[in-house]
Amino acid sequence: MIKKTFLALGLMTILFPVVAFAADPSGATLDMGLNSLWVMLAFILVLLMQGGFILLEAGSTRMKNAGHVAGKTIFTVGLAALIYWAFGYGIAFGGESALSKFIGWGDFFYNAPTAAAEGDSYPSGVFFLFQLAFAAISLTIAWGGFAERAKLASYVVFTLFYVGLIYPIVAHWIWGGGWLADHGAQDFAGSTVVHLSGAVAAFVATVLLKPRIGKFNKDGSANEILGHNQVFTALSVLILWVGWFGFNAGSTVAIGDGFFTYVAFTTMLAAGAGGVAALLISWAVTGKSDITHMLNGTLAGLVAITASCAFVEPWAAVVIGLLAGVLVFYSVKMFEKLKVDDPIYALSVHGMAGIWGTLANGIFATQELADKVGVGQGGLIDTGSFAQLWVQIQSVVVAGAFVLVASFIVLGAMKKIMGFRVTEEQEIVGLDLSEHGVYGYPEQLKKPGQSVQG
Amino acid sequence: MIDPMRPHRLQQISSADNVERLRWLRDQLHEEMYALLPTQPVEEFNEQLNETHDALIIRAIMLAEEEMARMGKGPPPVPYSYLLFGSGGRREQTLSSDQDSGLIYRDLPGREEETKLYFLELSKHIVGNLVAAGYPPCEGNVLSENPDWCQSLQEWRERLGRWFREPEWEAVRYLLIIADGRCVYGDTGLADSLKSMFFSDMLNHPVILKRMIENTMRHKVLVNVFGQLLKERYGEDAGSLDIKYGAYIPMVNSIRLLAIQSNIASTSTLERIKMLVESGKLSREDGDAYEQAFICILHLRLLTTEQNEDQLYAGNGKIHSSKLTKEMADELKKSLKQGKRLQKAVYKQTMGRLM
């Protein structure tokens, strides 16, 4: 066996002598290559999170809409890629101008370089892909508020405005050198930019659409519209969880000194804590340990740690996750009480936990880690100063309010001009049939008018 | 306060000569009882209500016997005992309880077939009369007209023995039903024989207690770890408290288990608590606390929503939380805490004995 290996190695050196004599790449080139691979891998992981959202939304809703839910996600990701390429990226990260405190301008119809520029730590094309994947996630979160009753056309129109304008503006403020970035707002991987923005859009959508047929009774009490496949929902959380390591750890956009592993580490702790806390609180309050709440809690832990994963110590990550798990449980109850129909709990999981995660920086961030990342300063516990918390509050309020108003204008106009919601009949037969003509589960569901004999 | 209508009402029932008249008397009863509920202590009210239910049921049985005779089937060939199970057996019927019943008759060697046929037919009439009087039949089909629940003493003996030997889930459920059985009409001796069989079998199969625990402990008391009441969260009963399964049944189950372990044959829960204290199985304090709690729960159970369907008096055992005053809710919480404590104590005691 050993003989054979040596023989093979010898043959290889004769056949490919070049390997032995090629010039060593420079340290900088190696560094660039590794960084590019890491960001590329992170992009792939974040893109794959769409698979998680397909299962999450499909599993949490009814069978008659499953094909639509899955199909429209893929379609809008594709559409988002085009819009972000043509317009969104330029608004978020486009060059310097007089307006650059509030909006980026430039790099429209983005032309990716074929190689990294001298001194760059990666080719900027990979950064575009990574940022695009974030925009698409935020968009998909917004779809949570559309679920089971919006027209397909409204998905198309909203994608144009959300990926072209609304999301890029928030991203510019916090990540693209805008005014909140100047203030030192800490949102490492997007609790506010990605999750809160998506959730606020979802909120506006669900309020304008009004609850699904049958969700609330005349006397105001709620009915439970159960999702059709809890296994899908659980699997979705696992896929999202895995993808989140691209989302958070990838947001270092560098291998560097290995800091990305620390970010992954705090992410893992918060996710676990969120699920544990939500299961326990649901058991303590309702007497039953609810699977849906536990899954929501796990996601809420992930959403919350997204802003703070690079800024806090491990114990704080656990506390942030635990509180996110409890918060999401009560938030679901609160929205139900307010008669806001939140089919896949986007408002609670991404909205409330997104706010909490962003504010948590102001409390738990340490000076040491803030210096390391180079954004803002330590939070209340480490420094005793409210300064960072105040910046965090600002970014939540301003970003939330902006998305709220912008989404309201876009969706409100859509509602007036083209109609937002399908007809009652279409909603009852399901969007699979009304929007696409076939059921996602053709063998389980019968088209109306088809008799058993037929 | 003694209800002045009481003797008169019982007299009217025992002289009713047809089902329509029974039904009319029952409708009267409902109006009177609703007026009476706020004015009387719950135990007394419960006592009167069940006495009246018993009278109605007895009259329905007698009318059925007369119908059989009119149809040329003659009088009952042998003595029999008509049993009530469930809340009827425990003398805890509300204004909307359903029928759970069985029948035991003395063996008549050589004429088994026709005896059985007679009693099955009689039972059909009885159940029918009671439906006409507004008592919905048991959904689980524990009814005297079901051949499984209408048997000769010897058949019952064999059946009971089988249940004890092979205590599958269903069999254990049946044994728990038998434990609450009470003779409402006919030969009490037959019912007593069945009960003494039950208790001597119990002594020989103590392990069955563990199965009984497993069979009953799934009904959890309606409070969470913070002491808040657990309401229905969704659907048309959202905001309601499931008094029947979240308060009443857990206490009934626990006290029944203690009674079975202590050879106490009484079927009413309050009576069982009293006997448990007398026999030293419960301390006086615990007994008082459980009694208080149970009375409170009985009271709320009488206030639960009625859902009258198809001319039957039915209920869902739930009460909307907005119907409870602050004091009532506080008392219910206190009672449920006792219920929880009782459940835990019974579980520990029973499992501990068998370890």
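Predicted model: local features only at pLDDT ≥ 70, side-chain atom pairs only at ≥ 80, totals over all residues.
I'll begin with the overall build of chain A. It has 18 helices and zero strands. If you draw a box along the principal axes, the C-alpha atoms of chain A fill roughly 75 × 60 × 50 Å. Of the 454 residues in this chain, 51% are buried. Now take the contacts in chain A between residues at least 6 apart in sequence: 74% of them join residues at least 24 apart.

Next, one pair of helices. Two packed helices are described by the angle between their axes and the distance between the axes. The pair here is H6 of chain A, residues 152-174, and H8 of chain A, residues 191-209. Their axes come within 10 Å and cross at roughly 140 degrees. H6(A) and H8(A) are therefore oblique to each other. The crossing of H6(A) past H8(A) is right-handed. Which residues make the contact? On H6(A) they are A:Tyr162, A:Tyr167, A:Val170, A:Ala171 and A:Ile174. On H8(A) they are A:Thr192, A:Val193, A:Ser197 and A:Ala201. Sorted by type, the residues of this contact are seven nonpolar, two polar and no charged.

Moving on to where the chains meet. Nine residues of chain A are in contact with ten residues of chain B. On the chain A side, three of the touching residues are nonpolar, five are polar and one is charged.

Last, the backbone. Most residues other than glycine have a negative phi, and most peptide bonds are trans. You will find A:Tyr345 in the loop between helix H12 (314-337) and helix H13 (346-364) of chain A. Is A:Tyr345 buried or exposed? The cut-off for buried is 20 or more C-beta neighbours within 10 Å. A:Tyr345 has 25 of them inside 10 Å, so A:Tyr345 counts as buried.

B:Arg91 sits in the loop between helix H4 (86-89) and strand E2 (101-105) of chain B. With 23 C-beta neighbours inside 10 Å, B:Arg91 counts as buried.

How values were computed:
Residues numbered from 1 in each chain as written. Chains lettered and ligands numbered in written order. Helix = DSSP H or I, 4+ residues; strand = E, 2+ residues; numbered from the N terminus. Buried ≥ 20, exposed ≤ 12 C-beta atoms within 10 Å, placed from the backbone. Contact = placed C-beta atoms within 7 Å. Axes fitted to C-alpha atoms, helices over the stretch in contact; angles between N-to-C directions. Parallel < 35°, antiparallel > 145°, perpendicular 65-115°, else oblique. Left-handed = near helix turned anticlockwise from the far one by under 90°. Nonpolar A, V, L, I, M, F, W, Y, C, P; charged D, E, K, R; others polar.
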